[in-house]
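User: I have a model open and want to learn how to read it. Can you take me through its features one at a time?

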Amino acid sequence: MKIDREALADFLRRSRDRVRPQDAGLPVGPRRRTPGLRREEVAQLAGMSADYYIRLEQARGPQPSLEMLAALARALRLSEDERDHLHLLAGRRPPAARTAGDHVGPGLLHLLDQLSDVPVQVLGDLGDVLAQNAMAEALLGGVCTVSEHGRNVVWRWFADPAQRAAYPPEEHDYYSRLHVADLRAAVGRRAGDPAATRLVERLLGLGEEFAALWELHEVSVRRASRMRVVHPLIGPVELDCQVLLAPEGDQRVVLYTPPVASDTAERLALLKVVGTGQFTVSD
């Protein structure tokens, strides 16, 4: 990542103008002409020399360290989004963002209820099924209330043979690589997160298939794909999978929609009438 000195200088100037002195604990004084903070005041609040900060605003300073950027973000009272923007302009990776975890917000739950004609799931970035609507449960089974790894689609794919029975055998290798590559991307973003470490260690203990694919170090975030499901009540169903990311980044909404010129819509309508089948879920 390269520093964008001109954009960084402009962002610092405009951010400084937006901070009122009293909000930063500084006296206003009768002779103040600057609408926001003075350059020297920002430097003082950030614990750096005035000359260093002035050079940043003049687009001729060195690349700030992560510690310096954190100090500037505090001094300028930046929001999380503004802080991340500051890091990117300075050519640095932003700090780890706040995550939603297992909590699914009411807005996403409302969306699931409104989309009643197609299956919809909310997945964590590691593959945990956090919520789903009735159509998703009818098509894919109910797994939201089982144990930690039992609700994880990657774990179930490699640990539970019954999970694979719902997919055409000739596509099993494709789905295996898809799951592992997507998991690789999530583990990389989490950088040593205990939940990610536990999941990978347990998957590695299952046998050679996952271990061999993990060794390939393939990385691919799942965004859109087509899948086929062999349902016990309505037969084979072809679906387009569209993945939408929630703002926090560790949750995704997966929409399963009928492809154009297919009979999937009619089959899903039938499934909506006949209701859920019987599914077994392993821990």
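This is a predicted model: local features need pLDDT of at least 70, side-chain atom pairs count only at pLDDT 80 or more; totals for chains, interfaces and linings use all residues.

User: How many helices and strands does the protein have?

Analyst: Helices (H or I, at least four residues) and strands (E, at least two) are DSSP runs, numbered from the N terminus. Here there are 13 helices and 5 strands.

User: What does the radius of gyration say about the protein?

Analyst: The radius is taken over C-alpha atoms, and the globule rule is 2.2 Å times the number of residues to the power 0.38. For 283 residues the rule gives 19 Å; the protein has 25 Å, well over that, so it is more spread out than a compact globule. The C-alpha trace spans about 80 × 40 × 35 Å along its principal axes.

User: Now the sheet. In what order do the strands stand?

Analyst: Strands of a sheet pair through backbone hydrogen bonds, either parallel or antiparallel. Two strands count as paired if DSSP finds at least two bridges between them. In this open sheet the order is β2-β1-β5-β4-β3, with antiparallel pairing. The edges are β2 (129–132) and β3 (224–231); each has a single partner strand, so one side of each is left without a neighbour in the sheet. Inspect β1 (residues 120–124) against β5 (residues 251–257): they pair over 5 bridges. There, Leu123 stands opposite Arg252 in β5.

User: Which helix lies across β3 and β4?

Analyst: Angles run from 0 to 180 degrees between N-to-C directions, with axes as lines fitted to C-alpha atoms, for helices over the stretch in contact. Contact means heavy atoms within 4.5 Å. Helix α13 (residues 264–274) lies across both strands, at about 95° to β4 (235–245).

User: How many salt bridges are there?

Analyst: A salt bridge is a side-chain nitrogen of Lys or Arg within 4 Å of a carboxyl oxygen of Asp or Glu. The whole structure has 17. One of them joins Asp117 and Lys272 at 2.7 Å, N to O. Asp117 lies in the loop between α6 (106–114) and β1, and Lys272 in helix α13, so the pair ties together parts 155 residues apart in sequence.

User: Which residues have the most contacts inside the largest nonpolar core?

Analyst: A nonpolar core is a set of buried Ala, Val, Leu, Ile, Met, Phe, Trp, Tyr and Cys residues joined through side-chain atoms within 4.5 Å. The largest has 36 residues, and Phe158, Leu183, Leu203, Met227 and Leu239 have the most contacts inside it. A second, separate core of 24 residues includes Leu37, Ala43, Leu86 and Leu89.

User: Which residues of helix α5 are buried?

Analyst: In α5 (residues 80–89), Arg83, Asp84, Leu86, His87 and Leu89 are buried. Their cover includes α1 (5–18) and α4 (66–75). The side chains of Asp84 and Arg83 also meet in a salt bridge, at 2.9 Å, N to O.

Technical notes. Residues are numbered from 1 along each chain as its sequence is written. Side-chain values use heavy atoms; hydrogens and water are left out. Buried means under 20% relative accessible area, exposed over 50%, partly exposed in between (1.4 Å probe, protein chains only).
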